[in-house]
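Please read these points alongside the sequence and model. They cover charged pairs and the nonpolar cores.

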Amino acid sequence: MYDLPRKFTYGVLEKTSDDSLLKYPGNQHSAEWYLFSDLNPPGRESLIEWLEQQEYWKRNNGWDHVFICQDPNALYKVVDRVKNGVLLVSDFGRLARNQASLIKDVILPYSHRINTYTGDIGIENRNSLLFFMGNRYRKEKDVIIKHGAQSRESRREARKGMHSSKNCLHPAGDTPSACCLFDAIMSLCVPVIISDYIELPFEDVIDYRKIAVFVDTDTAVKPVFLVKKLRKVSTERILEFQRELKKVKHYYEYEDPNGTVKEIWRQRNNRWTYLQPLFRDRSWFPIPISSRLSVA
């Protein structure tokens, strides 16, 4: 860990005249907050210029460095200059094939925004078949799709909806991943992931087919297909999903001592062990991002 010049740490705060900007944001990109608040674009470039002059950077041209850039726009102007390092990202949606790889980088979960469901498994209090809150509207018996915004009221409504639904919809948005997936997991609401390819956190320790339903995009848009598919899922199968969700949900808790942060560093250490022998032969990179989870 570098002892950064003050202008990159407390100096950023000292230049901020509005104290309200210093409060914890409470959004899905909280990984930056936990490890370090993001710098503005000129600050990023200045930071990279400083970094490139350091002894440890020059030793391996950044291959043994770790960068937290969970926000899809984080470091976007300087990512080509740090791509040799291990990137901690939410997905590869805005990264080029020569910038990111599942071989060297780590996929992070978004921080969940709604309260964790503390009840036991079961469907007695889950009267809705499917719930989603976003930029959509629909109401059909037990299918609830509501408009949502970044507000306390929306979070309360999302909590009520996810805690009382059997399944929670996770369509791709402007990026493949979104915090609603992790809200669903913490709610024991079976995620219904609509995607053709998606990178998910910690796939080497979590079997996502045990905790989620996957549907490819072409099939998902067929009229009534998705609702019919979900209505055919038995109660016992839903309970199996919930049991698995309960087993793995600690992986998505940043504040759990045995949760997200511990797993991030384990993942990083595993990659470092693998990458060390490759430092002398750089021809292996870029690795095509072909090991993404494919939806059959």
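**Notes on salt bridges and cores**

1. Lys104 and Asp105 are joined through their side chains by a salt bridge, 2.6 Å from N to O. A salt bridge here is a side-chain nitrogen of Lys or Arg within 4 Å of a carboxyl oxygen of Asp or Glu. Both Lys104 and Asp105 are buried (under 20% relative accessible area; exposed is over 50%, partly exposed in between; 1.4 Å probe, protein chains only).

2. This is a predicted model: local features need pLDDT of at least 70 and side-chain atom pairs pLDDT 80 or more, while totals for chains, interfaces and linings use all residues. Residues are numbered from 1 along each chain as its sequence is written, and side-chain values use heavy atoms, without hydrogens and water.

3. The structure has 13 salt bridges. Another one links Arg156 and Glu153 at 2.8 Å, N to O. These two residues are about one helical turn apart because they sit three residues from each other in helix 6 (residues 152-163); helices are DSSP runs of H or I, at least four residues, and strands runs of E, at least two, numbered from the N terminus. Arg156 is partly exposed at 41% relative accessibility.

4. Lys160 and Glu157 are also three residues apart in helix 6, and their closest N and O atoms are 3.9 Å apart.

5. The largest nonpolar core has 28 residues, of which Ile185, Ile206, Ile211 and Tyr252 touch the most other members. Such a core is a set of buried Ala, Val, Leu, Ile, Met, Phe, Trp, Tyr and Cys residues joined through side-chain atoms within 4.5 Å. Helix 7 gives the largest share, five residues.
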